[in-house]
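Let me put the structure up and we'll walk through it together.

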Amino acid sequence: ISNIKDSLTKAVKKKELYKFWEIADKNSAQILGNNLQLAKKYPNSTRAMEFLLSRIGSQDAVNLYNEYEIVYNGFSTHLRNSENGNKFKEYLKKFKQSKVGSVAPTFSLTDIKDRLISLPELNKKFILIDFWASWCLPCREENPYLKKIYDRYSKKGFEIISISRDDDLDAWTKAISQDKMNWLNISTKVNKSDIEKDYFVFGIPHKILIDQNGIIIGKWKGSGLTNLESIENFLE
């Protein structure tokens, strides 16, 4: 796709690629569902716990907090008290506070212009938190889309906060300029912040939509046309 010159052909091929990713995502979700059922059936299975731990931060699991909690409570006492069991318990705590329907974890961080950005002070707006990095190609490919929705909705009570995990601050500022990211930009490195843990972020891109009352109403992990269209539908 990167070698295609014609923009229309490139766009068509990208849509085809998104469809393949959607098929892969559906397969992954089915596998996760199967393993959740398996864990219920075999509460002493260390392999079941290991697999569920490996997928707890995935897009497949994003709406399955209740299922994960049921499975954890059904594991044997021995497994719950194991190293992985303690990790599972800690993950569930972060999962719960960052899931759809929860009050968004608050923060106060300085942005690229050295302004203090506090989530409670922005609660009168709809906020899309975008976890990304300059070296993340899928993140960069989605920035034109973010610019489009920012230009469309920013005057209607909508804000974007892009939070970068870049270690190279020059690359970070350069990417912001190149991609015309004219919204709020925050660096975890500059702030020495572990905000990603509060929002249960493993991989990027990772996006979270918060309503005017500070409630998480949408959460998307990874890239893809389905995620992008879903965000826009929420805003509409």
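So, which element gives the largest share of the lining of the largest pocket? It's helix H1, with 13 residues; H1 runs over 7–41.

Quick housekeeping before I go on. This is a predicted model, where local features need pLDDT of at least 70 and side-chain atom pairs count only at pLDDT 80 or more, while totals for chains, interfaces and linings use all residues. Residues are numbered from 1 along each chain as its sequence is written, and side-chain values use heavy atoms, with hydrogens and water left out.

Helices (H or I, at least four residues) and strands (E, at least two) are DSSP runs, numbered from the N terminus. A pocket, on a 1 Å grid over the protein atoms alone, is an open set of points where a 1.4 Å probe fits, with protein on both sides within 12 Å along at least five of seven lines; lining residues have an atom within 4 Å of a point.

Back to that pocket. Its volume is about 1400 Å³, counted as the space filled by probe spheres set on the grid points, which are joined across faces, edges and corners. There are 48 lining residues, and Tyr18, Gly222, Ser223, Gly224 and Leu225 lie nearest the centre. Besides H1, the elements giving two or more residues are H6, S7 and H10.

Now S7 itself, residues 216–221. Five of its six residues are buried, meaning under 20% relative accessible area with a 1.4 Å probe, protein chains only. S7 pairs with S6 (206–210) in the antiparallel sense over five bridges; for strands to pair, DSSP has to find at least two bridges between them.

On to the packing. The largest nonpolar core has 42 residues, with Leu128, Ile129 and Phe131 among those with the most contacts inside it. By core I mean buried Ala, Val, Leu, Ile, Met, Phe, Trp, Tyr and Cys residues joined through side-chain atoms within 4.5 Å. H6 gives the most, six residues. Take Ile129: leaving aside neighbours within four places in sequence, its contacts (heavy atoms within 4.5 Å) include Phe107, Ile161, Tyr199 and His206.

Ser76 touches Pro43 and Asn44, not counting residues up to four places away in sequence.

Definitions and conventions
Buried < 20%, exposed > 50% of the residue type's maximum accessible area, 1.4 Å probe, protein only.
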